[in-house]
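Please keep the sequence and the coordinates at hand while reading.

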Amino acid sequence: MVEQQAGIIARLDRLGRLVENSMLVVLLTSMILLASSQIILRNFFDSGFVWADELLRILLLWTAMFGAVAASRENRQIAIDVLSRFLPGRWKNLAMTLVQFFTAAVSGLIAWHSYRFVNDSRMFEDLLMGDWPAWVFQSVIPLGFAMIAYRYLVFGLASAWKVIRGKGVAA
Amino acid sequence: MIIVSLLLVLLALLGAPLFAIIAASAMWGFANTDVDLSVMGIEIFGLAEVPILLAIPLFTFAGYLISESGAPRRLVRISNALLGWLPGGLAMISLAACALFTAFTGASGVTIIALGALLYPALKEAGYKESFNLGLVTSAGSLGLLFAPSLPLILYGVVAEVSIDSLFLGGILPGTLMVVMLAAYSFWVNRHNRAEPGKFSWKEVRDSLWEAKWEVPLPIVVLGGIYGGVFAVSEAAAVTALYVLIIDVLIMREVSLKQLPRIMQESMVLVGGILIILGVSMASMDS
């Protein structure tokens, strides 16, 4: 039963990676094509899509969130990390546990509060690019931070387990 | 308040991601002034309200793509043809190549990876000291930082609300000073190291430029376009990304279509890491 569950989690994890990776490729490709066609249209045909600039900025927000989620899966968020390298093995694990739970908590808080923001925007029926509901595009913020919180929670639990088991330096 | 700040600094030094530290301090600030924390969502959504930010993923991707092609090698060859005859010439080559490469890849940090691997062994072979080589390659990797279209300058301009065009203009003089000083230092340190200074040849200059004929126009278009006011920065980024994509994948074929998704992902992971920090920083500015 436990193994079966672990199998499902591993499969979900792989699926998540695939979704994130493909989204990054699709988002970047759309940005390159849309931004260049805007330039061509504007300079040579004196026209362009009215919605394109707004859509480009939304694509950027999505790229930022998907990229940040992808950065958190291999613990590749930008950090300073000067003190922990001088700590001996077990203390290092303890520090990592602390830092990872802290990051999970902060991300969780942002996810919850930005969810409330998105909810408000939905109630007030905010619109983007003419007549598209804004909350659809904004929901990437709470979803992204929830995902980051989940990843750091899992990292934190793994580090805590190492502290309890008294194992050496974490990867 | 002071205790919270100290605690956050400690967490940062222990390796907590910067976005979490800045977000925590922003939320702490909002909570203390009774601002509803749903403002975090509004602030982060602000990423979609700054048009110039589009330049960041586009330049970063172009830089990653270029560094996977043969462009770094061709750039070193051109610098070699132009500067190789000087005493301490190889050090000058490194400086020139790094400054140029950093500038037109937007100073996203790919220079050290792309050029370091080429220049470091060459410097070592030419008999430069190990400590000098390491110092040169790492410091030269940030030389283009003050020239357009440097991403760190764009980020600074967005957060500090300073005109980015002025930043680019203001960067020219100090940036040039850095290059000149490092060049003078390399020249001085290696004044006795005159191991066969190569001869200058117009033919080699011509050949090396011809070999890089697809890349040579790029910095001229990008830098000239931005400084000359022809392009907005994000337009220059779009042109660069599309141009590099076409020459590297379709014309020169040094990067295959198969490699493209990996390069895109890697560059966008970096972009996500930077932009999430920017998003929460905009919140902390207002808290």
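Over all chains, the structure, which is a predicted model, holds 14 salt bridges. One of them pairs A:R42 with B:E235, whose closest N and O atoms are 2.8 Å apart. Because A:R42 lies in helix α1 (residues 2-44) of chain A and B:E235 in helix α13 (residues 233-251) of chain B, this pair joins two chains.

**Confidence**

The model as a whole scores an ipTM of 0.89 and a pTM of 0.88. For chain A the mean pLDDT is 88, with 95% of its residues at 70 or more, and for chain B the average is 86, with 98% of the residues scoring at least 70. Within chain A, confidence is lowest in strand β1 (residues 127-128), where the mean is 84, and highest in helix α2 (residues 52-73), where the mean is 94.

**Chain B and its helix pairs**

Chain B is built with 14 helices and 0 strands, and its C-alpha trace spans about 70 × 40 × 35 Å along the principal axes.

| Helix pair | Angle between axes | Axis distance |
|---|---|---|
| α9(B) and α14(B) | about 20 degrees | 10 Å |
| α8(B) and α10(B) | roughly 165 degrees | within 12 Å |
| α2(A) and α14(B) | roughly 105 degrees | within 7 Å |

Helix α9 (residues 151-160) of chain B packs against helix α14 (residues 260-286) of chain B at an angle of about 20 degrees, and because angles under 35 degrees count as roughly parallel, α9(B) is roughly parallel to α14(B). The crossing in which α9(B) passes α14(B) is right-handed. On the α9(B) side the contact is formed by B:L155, B:V158 and B:V159, which meet B:I274, B:L278, B:M282 and B:M285 of α14(B). By class, the residues of this contact between α9(B) and α14(B) are 7 nonpolar, no polar and no charged.

What is the relative direction of helix α8 (residues 130-140) and helix α10 (residues 164-189) of chain B, whose axes cross at roughly 165 degrees? Since angles over 145 degrees count as roughly antiparallel, α8(B) and α10(B) are roughly antiparallel to each other, and α8(B) passes α10(B) in a left-handed crossing. Here B:F132, B:L136 and B:S139 of α8(B) meet B:L182, B:Y185, B:S186 and B:V189 of α10(B). The contact of α8(B) with α10(B) has 5 nonpolar residues, 2 polar residues and no charged residues.

**A helix contact between the chains**

Helix α14(B) also takes part in a contact with chain A, where the axes of α2(A) and α14(B) come within 7 Å and cross at roughly 105 degrees. From α2(A) the contact draws on A:L60, A:T63, A:A64, A:G67, A:A68, A:A70 and A:A71, while α14(B) contributes B:M268, B:V269, B:G272, B:G273, B:L275 and B:I276. The residues of the contact between α2(A) and α14(B) divide into 9 nonpolar, 4 polar and no charged.

Conventions:
Residues are numbered from 1 along each chain as its sequence is written. Chains are lettered from A and ligands numbered from 1 in the order in which they are written. This is a predicted model: local features need pLDDT of at least 70, side-chain atom pairs count only at pLDDT 80 or more; totals for chains, interfaces and linings use all residues. Side-chain values use heavy atoms; hydrogens and water are left out. pLDDT is the predictor's confidence in each residue, from 0 to 100. Helices (H or I, at least four residues) and strands (E, at least two) are DSSP runs, numbered from the N terminus. Axes are lines fitted to C-alpha atoms, for helices over the stretch in contact, and angles run from 0 to 180 degrees between N-to-C directions. Angles under 35 degrees count as roughly parallel, over 145 as roughly antiparallel, 65 to 115 as roughly perpendicular and the rest as oblique. A crossing is left-handed if the near helix is turned anticlockwise from the far one by less than a right angle, and right-handed if clockwise. Contact means heavy atoms within 4.5 Å. Ala, Val, Leu, Ile, Met, Phe, Trp, Tyr, Cys and Pro count as nonpolar, Asp, Glu, Lys and Arg as charged, and the others, Gly among them, as polar. A salt bridge is a side-chain nitrogen of Lys or Arg within 4 Å of a carboxyl oxygen of Asp or Glu.
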